[in-house]
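Let's take a friendly walk through a protein model. Keep the sequence and the 3D view open as you read.

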Amino acid sequence: MSLFDHKLSEIQSMLHKKEITIPDLVDESFKRIAAVDGDVKAFLALDEENARKQAEELQESGKTGILNGVPIGVKDNIVTKGIRTTAASRILHNFDPIYDATVVNKLREAGTITVGKLNMDEFAMGSSTENSSFQKTRNPWNLDHVPGGSSGGSAASVAAGEVPFSLGSDTGGSIRQPASFCGVVGMKPTYGRVSRFGLIAFASSLDQIGPITRNVEDNAHLLEAIVGVDPYDSTSANVPGETFAANLTGDVKGLRIAVPKEYLGEGVSEEVKQSVLAALKVLEGLGATWEEVSLPHSKYGVATYYLLASSEASSNLARFDGIRYGYRAENAENLIDLYKKTRAEGFGDEVKRRIMLGTFALSSGYYDAYYKKAQQVRTLIKKDFEDVFESYDVIIGPTTPTPAFKIGEIIDDPLTMYANDILTIPVNLAGVPGISVPCGFSGGMPLGLQIIGRHFDEKTVYRVAHAYEQATDFHKEKPAL
Amino acid sequence: MTRISEEQVRHVAHLARLAVTDEEVHKFTEQLDAIITFAEQLNELDTSNVKPTSHVLDMKNVLREDKSAPGLDREEVLKNAPDHQDGQIRVPSIIE
């Protein structure tokens with residue numbers, strides 16, 4: 001049994017009773033990484049010397065707290081001073097940040113120990129982590145399958161027991177989809193809940209950082225530690241910090257659940273449907289009620305998302321030009337040539353595709369037809385959610401239409417890859433919070449239940465997720481790695 | 001009907017400051033055409049009276065006090081620069 005099979009409160013109790021030490025926890029992490037990461041390939045960089053030093057210091061300091069002394073992995077698009085940060089892109093292959101992201105500062109205050117940086121799709125563009133410039137992460141449940149993406153390393157490292165928890169980022173499903181594929185818990189908070197300062201921007205109106213953990217309670221603790229308004233991110237929301245973990249009562253009596261018919265429709269596999277219906281039965285047994293509803297514009301989510309996210313990305317990624325940091329092409333004839341060669345050699349295919357799609361959608365003559373149109377449809381999608389939340393407390397459906405697919409299976413087919421995010425994308429477009437919790441298996445691969453809440457109502461989302469988790473055993477299953 | 005031509009792809013690549021080979025132009029034209037064709041399903045919706053959403057939160061001007069604070073350290077910044085000289089980042093000649 002691993003120390004990381006215990007939830008945070010148990011780990012803290014063991015530390016308190018001196019049954020274990022903080023250096024033991026860090027040791028557990030590096031031992032497991034040494035044993036399995038050759039297969040899983042979740043980590044892009046490790047910071048062992050510093051992590052061990054911090055463990056000693058924290059052990060001596062006598063500091064306490066629910067996260068204190070616990071090792072964490074951080075997605076490689078979150079900047080960490082002193083640990084190379086690449087966003088899994090060749091264009092940042094040699095980039096050493098000179099400041100920490102706000103979430104990293106908050107983690108330090110909470111006493112977590114960053115053991116390393118986690119693989120992802122380049123600039124978070126992808127659903128399988130196959131778009132990393134450096135390595136392909138594999139699903140701990142079956143190494144022939146993808147871990148999902150873009151936070152594939154974040155989900156795989158937690159599922160593989162290399163770290164008890166990690167941070168990911170979610171623009172169209174990039175926390176929830178890999179959490180679902182790897183059988184762990186992943187939360188995308190409300191847009192604005194967590195500061196994006198130091199998150200390498202992909203689509204600024206959609207990106208959110210969030211926690212990936214083995215269980216709901218730990219997830220709530222980790223989110224509590226990273227939320228809050230930040231003077232360095234003007235889109236971070238000035239809402240009161242909340243105690244999510246203390247509110248996990250297990251009580252869902254009288255809860256009104258909406259189940260969108262579009263989330264159990266065409267393209268969703270039979271086993272996925274059955275697992276969601278079984279989950280609804282569990283919640284009914286706990287005193288909740290559910291009804292079928294409609295989010296009529298769901299089917300337009302993917303198209304809307306690809307136009308908006310790519311447009312924002314084409315602007316955000318303009319900064320990677322080979323001048324101030326990162327990769328610079330050699331033998332450029334002039335400045336424009338330097339930009340073009342640097343970017344051609346530095347970016348992978350999917351990133352180029354999206355930069356070009358975005359540039360096209362924003363270009364003169366096409367802006368109204370594509371970009372503005374997509375912004376208008378976004379309004380309709382957002383309103384779908386508002387309408388449902390007038391009469392219901394949460395929306396429940398699957399996280400993904402199918403379990404994890406095989407490595408290489410759909411990488412050459414962008415539209416099929418994009419369709420994977422059909423159930424997660426609308427949540428980002430509406431800006432509401434959503435969590436994925438384990439709800440079954442299909443062919444040995446995990447399935448995820450998605451629970452979506454109102455703006456800034458993570459509290460209810462967590463309460464429902466926790467009640468469901470406590471009534472089931474799926475989260476206790478571990479890969480045979 | 002194709003939505004996008006190879007010529008347009010070359011133009012977009014130039015706007016995006018991406019060098020592309022003929023082979024890439026061919027591939028991206030096909031793929032972007034498929035994606036744009038897919039995106040045109042949005043035209044099924046009448047959005048003539050719908051306001052665009054650029055941002056989901058109801059916040060407008062976010063202001064702060066205009067106070068000076070130290071910026072990034074020059075030496076630190078230059079550590080990541082591909083080429084520098086005399087405390088400045090060096091680039092290829094801009095003026096012909």
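A nonpolar core is a set of buried Ala, Val, Leu, Ile, Met, Phe, Trp, Tyr and Cys residues joined through side-chain atoms within 4.5 Å. Buried means under 20% relative accessible area, exposed over 50%, and partly exposed in between (1.4 Å probe, protein chains only).

This is a predicted model, in which local features need pLDDT of at least 70, side-chain atom pairs count only at pLDDT 80 or more, and totals for chains, interfaces and linings use all residues. Residues are numbered from 1 along each chain as its sequence is written, chains are lettered from A and ligands numbered from 1 in the order in which they are written, and side-chain values use heavy atoms, with hydrogens and water left out.

**The core**

The largest nonpolar core holds 166 residues, and A:Phe123, A:Phe385 and A:Ile451 have the most contacts inside it. Its top contributor is helix α12 (residues 367–389) of chain A, with 9 residues. Helices (H or I, at least four residues) and strands (E, at least two) are DSSP runs, numbered from the N terminus. Contact means heavy atoms within 4.5 Å. Setting aside residues up to four places away in sequence, A:Ile451 touches several residues, including A:Val394, A:Pro433 and A:Val461.

**A strand and its partners**

Strand β7 (residues 256–260) of chain A is mostly covered, with 4 of its 5 residues buried.

Together, β7(A), helix α8 (residues 270–285) of chain A and β8(A) form a right-handed β-α-β unit. Right-handed means that, with the strands pointing away from the viewer, the path from the first strand over the helix to the second runs clockwise.

**An aspartate in a loop**

Now find A:Asp321, in the loop between α9 (301–316) and α10 (335–346) of chain A. Is A:Asp321 buried or exposed? A:Asp321 counts as buried because its relative accessible area is 14%. A polar atom of its side chain lies 3.1 Å from the backbone nitrogen of A:Ile323. Beyond its neighbours within four places in sequence, A:Asp321 is in contact with A:Tyr339 and A:Thr342.

**Confidence**

The predictor's confidence in each residue is pLDDT, from 0 to 100. Chain B averages a pLDDT of 92, and 98% of the residues score at least 70. For the complex, the predictor gives an ipTM of 0.95 and a pTM of 0.97.

Methods: A polar contact is a pair of N or O atoms within 3.5 Å; within protein, one must be able to donate a hydrogen and the other to accept it, and residues adjacent in sequence count only if both atoms are side-chain atoms.
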